[in-house]
Amino acid sequence: MSASPHDLTGAYAVDALPETERAPFERHLDTCPACAGEVRGLQAAAARLGAAGTAPPPAALWDRIRAEVATTPQLPAPAVRADRRRAGRSGALAGLRGGRRFPPLLAAAAALLLAAVSVAALGLCLTGRSGRPARTTDLVAAVLAAPDARRVAARPGGSGQAAVVVSRERGRAVFVAGGLPPAPAARTYQLWVLGGSGPRPAGLVEVGPGGRVTRLLDGPVTGTERVAMTVERAGGAARPTTEPVVVVDLA
């Protein structure tokens, strides 16, 4: 990896890591609970922000961010990592609130994230909410931030870079993907939960910019099933009619 894996949580949470760094970072997540927790928290924050409307930021915002970055003292990378170990990084944004000092590029990214969170939280510069109900957004955030949340990558060879985050405590799961190509004309992606009683429809998928998807699976999930995605006619189907383009083995 081109940077310390501890510095890649934000890029991974918003599907900004190249494929050459994604797989090594996912192996790092398996052995670093602190980074895994931070990724879950950042994904939850991103899910909440994704439900907010957008509007141009105030003209002076970027000048304020650049000024803050230029005047913020920095610590060497080893000191940052030691500080992270002492603090335990208990929350995705705890370090930002707690006065840690980041390398310059990370400080800029942190400032941008804080600005976005502040705008969303205070209702500034927002034009409204998306069509997705707030309750669904809250459930997505709750699953992604759950203490027992587990991220399971899709089988190799499928479309895009897909995974499912499942929480047995919550009994729910979230399908996340990046680089997913749009569905063919007059067709749609559909999710399925495959258990002992056969396939159960789990919702249609809308592909966002960059092929990104964050979709709460319809209905309960225990974490022992398989999740699949197929291409179906517009409006979806009662049972799968095509071979899956993504399969995730939660067990």
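Mentor: S1 and S2 run antiparallel and are joined by four bridges. This is a predicted model, and the pairing described here is read from its coordinates. Val152 has Val164 in S2 as its bridge partner, and Ala153 stands opposite Ala163, also in S2. On to the next pair: S2 and S3 are joined by seven bridges and again run antiparallel. In that pairing, Ser167 stands opposite Arg172 in S3. The hairpin of S2 and S3 has four residues between the strands, and Gly171 takes a positive phi near 70° there.

These strands belong to an open sheet of four, in the order S1-S2-S3-S6, with antiparallel pairing. Strand S1 (150-153) and strand S6 (213-216) are the edge strands, each pairing on one side only. On average, neighbouring strands of this sheet are turned by 20° against each other, direction ignored. As background, strands of a sheet pair through backbone hydrogen bonds, either parallel or antiparallel.

Six of the seven residues of S2 are buried, so S2 is largely enclosed by the rest of the structure.

The largest nonpolar core has 23 residues, of which Phe175, Leu217, Met229, Val248 and Leu250 touch the most other members. Strand S2 (161-167) and strand S3 (172-178) are among the elements that give two or more residues to this core, as are strand S4 (187-195), strand S5 (198-205), strand S7 (226-233) and strand S8 (246-249). Apart from this core lies another, of twelve residues, among them Val140, Val143, Leu144 and Val176.

Leaving aside neighbours within four places in sequence, Val248 is in contact with Val152, Ala153, Ala154, Val164, Glu225, Arg226 and Val227. Val152 and Val164 from that list are the bridge partners already named.

Thr230 counts as buried because its relative accessibility is 1%, the cut-off being under 20%. The side chain of Thr230 makes a polar contact of 2.8 Å with the side chain of Trp192, and another of 2.7 Å with the side chain of Glu232. Apart from neighbours within four places in sequence, Thr230 is in contact with Thr188, Tyr189, Gln190, Trp192, Pro240, Thr242, Glu243 and Pro244.

Technical notes. Residues are numbered from 1 along each chain as its sequence is written. This is a predicted model: local features need pLDDT of at least 70, side-chain atom pairs count only at pLDDT 80 or more; totals for chains, interfaces and linings use all residues. Side-chain values use heavy atoms; hydrogens and water are left out. A nonpolar core is a set of buried Ala, Val, Leu, Ile, Met, Phe, Trp, Tyr and Cys residues joined through side-chain atoms within 4.5 Å. Buried means under 20% relative accessible area, exposed over 50%, partly exposed in between (1.4 Å probe, protein chains only). Contact means heavy atoms within 4.5 Å. Two strands pair if DSSP finds at least two bridges between them. Axes are lines fitted to C-alpha atoms, for helices over the stretch in contact, and angles run from 0 to 180 degrees between N-to-C directions. A polar contact is a pair of N or O atoms within 3.5 Å; within protein, one must be able to donate a hydrogen and the other to accept it, and residues adjacent in sequence count only if both atoms are side-chain atoms.
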